[in-house]
Amino acid sequence: MPQLKELLVEQLQDLLHAEGQLTGALPKMAEAANHPKLKEAFEKHLVQTEGHVERLHKVFEMLGEKEEAKPCKAMIGLIDEGTETIEEGADKEPIAADLALIAAAQRVEHYEIAAYGSAKALARQIGAVDAARLLSHTLGEEESADFLLTAISDPLLQQAAIEDGGNSINLETVEKQGPARATRKAERPEKTASRH
């Protein structure tokens, strides 16, 4: 087997194991979530993850390779951390517990985004266009899940700041930073132009 195809198969075996572990972890995360939108996001991503496993089966078939999961040590560690987060969440306020869950889930998403991105690139490189398309579809769903988690965390962070006395929110400072950043960005092209 050519080296790049062998590397792709190894990546897919790793992802197959990772996704399998995640299908076991997501129901626990959904159960531990306090906020209805977070609970719903975990439940939705479970359905997507089951679809990711099915896509991986199709990719193996397209490549003419045997489906075989290879232990994904990274996901094992991330799921262990997620389990610890769930256990520790029992002693936290609901918002703090949910924010910790979101952080754990986003670490998982970022791992998967990196893994699917690499697998897609390898599939393209060896000319497995249909396999790359399937991997790209999954990659898009992982990126969307990460984006959704961020969208859920933003109001929770604001609420936590308010409950902590609002000391960390200074709207005057925030407003002053916005225009200053815009000014700095606007100045950059002039500096670049003067170098030429």
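At 47% relative accessibility, Asp130 counts as partly exposed. Its salt-bridge partner is Arg133, with the closest N and O atoms 2.8 Å apart. Arg133 counts as exposed, because its relative accessibility is 52% and the exposed class begins over 50%. Both residues belong to helix H5. They lie three residues apart, about one turn of the helix. The model described here is predicted.

The structure holds five salt bridges. Another of them joins the side chains of Glu81 and Arg107, at 3.3 Å from N to O. This pair links distant parts of the chain. Glu81 sits in helix H3 and Arg107 in helix H4, 26 residues apart. Glu81 is partly exposed, with a relative accessible area of 39%. Arg107 likewise counts as partly exposed, at 39% relative accessibility. A further salt bridge brings together the side chains of Glu68 and Lys66, with an N to O distance of 3.9 Å. Here Lys66 is exposed, at a relative accessible area of 61%. Glu68 has a relative accessible area of 43% and is therefore partly exposed.

The overall fold is helical. The protein has six helices and zero strands. Read along the sequence, the pattern is α-α-α-α-α-α. Of the 196 residues, 37% count as buried. Contacts between residues at least 6 apart in sequence were also examined by separation. Among these contacts, 78% join residues at least 24 apart. The protein exposes about 11700 Å², of which carbon and sulfur atoms supply 53%.

Helix H5 has 35 residues. From its first C-alpha to its last, H5 reaches 51 Å. That span is close to the 51 Å expected at 1.5 Å a residue. Gly165 follows H5 and has a positive phi, near 100°.

The largest nonpolar core has 25 residues. Leu38, Phe42 and Met75 are the residues with the most contacts inside this core. Five helices each supply at least two of its residues: H1 (3-32), H2 (36-63), H3 (73-89), H4 (94-125) and H5 (129-163). The largest share, seven residues, comes from H4. A second, separate core has 21 residues, including Val9, Val53, Ala131 and Ala132.

Which residues does Met75 contact, leaving aside its neighbours within four places in sequence? They are Ala18, Gln21, Val108, Tyr111 and Glu112.

Leu4, Leu7 and Ile126 make a nonpolar surface patch of about 210 Å². Ile126 is found in the loop between H4 and H5.

Key. Residues are numbered from 1 along each chain as its sequence is written. This is a predicted model: local features need pLDDT of at least 70, side-chain atom pairs count only at pLDDT 80 or more; totals for chains, interfaces and linings use all residues. Side-chain values use heavy atoms; hydrogens and water are left out. A nonpolar core is a set of buried Ala, Val, Leu, Ile, Met, Phe, Trp, Tyr and Cys residues joined through side-chain atoms within 4.5 Å. Buried means under 20% relative accessible area, exposed over 50%, partly exposed in between (1.4 Å probe, protein chains only). Helices (H or I, at least four residues) and strands (E, at least two) are DSSP runs, numbered from the N terminus. Contact means heavy atoms within 4.5 Å. The expected span of a helix is 1.5 Å times one less than its number of residues. Patches are made of residues with over 30% relative accessible area and no salt bridge: like charges are joined within 9 Å, nonpolar side chains (Val, Leu, Ile, Met, Phe, Trp, Tyr) within 5 Å. Accessible areas come from the Shrake-Rupley method with a 1.4 Å probe; for residues, only the protein chains shown count as cover. A salt bridge is a side-chain nitrogen of Lys or Arg within 4 Å of a carboxyl oxygen of Asp or Glu.
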